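Have the sequence and the 3D view ready, and let us walk through this protein together.

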Amino acid sequence: MGLFKLLTLPVALPLGGIEWLARRVDQAVDAQWNDPKRIESALIALERRLEAGEIDEAAFEAAEAGLLRELREMRARLAAQAP
């Protein structure tokens, strides 16, 4: 058994490193995606666009409703994951 592990080491080490890196990237993306600050920032930017006249009230309300729904879903998902 020891000889087999030794012979497969040149392949196993790079694959293990790729797996570790993939897990780290997945964790980072998940943490960023599930950060309520991302949606709060989008809401602030949306309000600024409305105030600047870049979008009208109807477009603002539609976008705001979608962002608020996403925020509620995110908070429910995070609450369900909490111990």
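This is a predicted model: local features need pLDDT of at least 70, side-chain atom pairs count only at pLDDT 80 or more; totals for chains, interfaces and linings use all residues.

Glu57 has its place in helix 3, where helices (H or I, at least four residues) and strands (E, at least two) are DSSP runs, numbered from the N terminus. With a relative accessible area of 43%, Glu57 is partly exposed. Here buried means under 20% relative accessible area, exposed means over 50%, and partly exposed lies in between (1.4 Å probe, protein chains only).

Residues are numbered from 1 along each chain as its sequence is written, and side-chain values use heavy atoms, with hydrogens and water left out.

**Two helices side by side**

How do helix 2 and helix 3 pack? Helix 2 (residues 36-51) and helix 3 (residues 57-81) meet at an angle of about 170 degrees, and their axes are 10 Å apart. Axes are lines fitted to C-alpha atoms, for helices over the stretch in contact, and angles run from 0 to 180 degrees between N-to-C directions. That angle makes helix 2 roughly antiparallel to helix 3, a label for angles over 145 degrees.

Contact means heavy atoms within 4.5 Å. On the helix 2 side, the contributors include Pro36, Arg38 and Glu40, and on the helix 3 side they include Glu57, Phe60 and Arg75. By class, this contact has 12 nonpolar, no polar and 7 charged residues. Ala, Val, Leu, Ile, Met, Phe, Trp, Tyr, Cys and Pro count as nonpolar, Asp, Glu, Lys and Arg as charged, and the others, Gly among them, as polar.

**The core**

Which residues form the largest nonpolar core? Its 8 residues are Ile39, Leu43, Leu46, Ile55, Phe60, Leu67, Leu71 and Met74. Such a core is a set of buried Ala, Val, Leu, Ile, Met, Phe, Trp, Tyr and Cys residues joined through side-chain atoms within 4.5 Å. Helix 2 and helix 3 are the elements that give two or more residues to this core, and helix 3 gives the most, with 4 residues. Leaving aside residues up to four places away in sequence, Phe60 touches Leu46, Glu47, Leu50 and Ile55.

**Salt bridges**

The structure holds 4 salt bridges, each a side-chain nitrogen of Lys or Arg within 4 Å of a carboxyl oxygen of Asp or Glu. Three of them are listed here.

| Pair | Distance, N to O |
|---|---|
| Glu19 and Arg23 | 3.1 Å |
| Arg75 and Glu40 | 3.5 Å |
| Arg49 and Glu54 | 3.3 Å |

Glu19 and Arg23 are separated by about one helical turn, because they sit 4 residues apart in helix 1 (residues 2-33). Arg75 lies in helix 3 and Glu40 in helix 2, so this pair ties together parts that are 35 residues apart in sequence. Arg75 is partly exposed at 46%, and Glu40 is partly exposed at 34%. In the remaining pair of the table, Arg49 is partly exposed at 38% relative accessibility, whereas Glu54 is exposed, with a relative accessible area of 54%.

Definitions and conventions
Angles under 35 degrees count as roughly parallel, over 145 as roughly antiparallel, 65 to 115 as roughly perpendicular and the rest as oblique.
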